[in-house]
Amino acid sequence: MFRKIVVTEPTGMLQSGIDRLYQMAEQVILFNDIPGSEEEIIARIGNADGILVSHTSNYPRAVLSRCPRLRYIGMCCSLYGEDSANVDIRACRERGIAVTGIFDYGDDGVVEFIIA
């Protein structure tokens, strides 16, 4: 179980998936707009141990290094590879942060896939 999951920006997740998040975490915070800066992304993540992101923002090493409790990132967008990802997967690997690409993030089974 997660202590805190933050959906940092719009992901297109169905309400049933959002409802399931509340069963998987003690606290869930949802943002329905795109963060305007790296500082805003860091503030949104705060002390979360899991986040769900879309393709509209970047999560470079500089952002990840300022989020010490982060242990999981679910990418609700296409994850083709490390070089094309909007999340610095190499930095995540170095810090022990699990990263998964979520291809059917609008489907009902998204949350089960993310947590599995």
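**View 1. Overall fold of the protein.** Of the 116 residues of the protein, 44% count as buried. The model shown is predicted. Its secondary structure consists of 5 helices and 5 strands, and along the sequence these follow the pattern β-α-β-α-β-α-β-α-β-α. Among contacts between residues at least 6 apart in sequence, 58% join residues at least 24 apart. The accessible surface comes to about 5900 Å², with 50% of that area belonging to carbon and sulfur atoms.

**View 2. The sheet.** An open sheet is formed by 5 strands in the order β2-β1-β3-β4-β5, with parallel pairing. The edge positions are taken by β2 (25–30) and β5 (98–101); each has a single partner strand, so one side of each is left without a neighbour in the sheet. From one strand to the next, the twist averages 15 degrees.

**View 3. Pairing of β3 with β4.** Strand β3 (residues 50–53) and strand β4 (residues 72–75) run parallel and are joined by 4 bridges. Ile51 has Ile73 of β4 as its bridge partner.

**View 4. Helix α1 on the sheet.** Helix α1 (residues 15–24) packs on the sheet and touches β1 (2–7), β2 and β3. The direction of α1 makes about 140 degrees with that of β2. Within the helix, Gly17, Ile18, Leu21 and Met24 are buried. Seen down the axis of α1, the buried residues fall within an arc of 110 degrees, so they line one face of the helix. In general, an α-helix has 3.6 residues a turn, so residues three or four places apart point the same way.

**View 5. The largest nonpolar core.** This core holds 21 residues, of which Ile45, Ile51, Tyr59 and Ile73 touch the most other members. Two or more residues come from each of α2 (38–45), β3, α3 (61–64), β4 and α4 (89–95). Another core, of 12 residues, lies apart from the largest one; among its members are Met13, Val28, Cys76 and Ile102.

**View 6. Surroundings of Ile73.** Ile73 is the bridge partner of Ile51 and is also one of the residues that touch the most other members of the largest nonpolar core. Leaving aside residues up to four places away in sequence, Ile73 touches Ile51, Val53, Leu64, Val87, Cys92, Ile97, Ala98, Val99 and Thr100.

Key: Residues are numbered from 1 along each chain as its sequence is written. This is a predicted model: local features need pLDDT of at least 70, side-chain atom pairs count only at pLDDT 80 or more; totals for chains, interfaces and linings use all residues. Side-chain values use heavy atoms; hydrogens and water are left out. Two strands pair if DSSP finds at least two bridges between them. Axes are lines fitted to C-alpha atoms, for helices over the stretch in contact, and angles run from 0 to 180 degrees between N-to-C directions. Contact means heavy atoms within 4.5 Å. A nonpolar core is a set of buried Ala, Val, Leu, Ile, Met, Phe, Trp, Tyr and Cys residues joined through side-chain atoms within 4.5 Å. Buried means under 20% relative accessible area, exposed over 50%, partly exposed in between (1.4 Å probe, protein chains only). The arc is that of the directions from the helix axis to the C-beta atoms. Accessible areas come from the Shrake-Rupley method with a 1.4 Å probe; for residues, only the protein chains shown count as cover.
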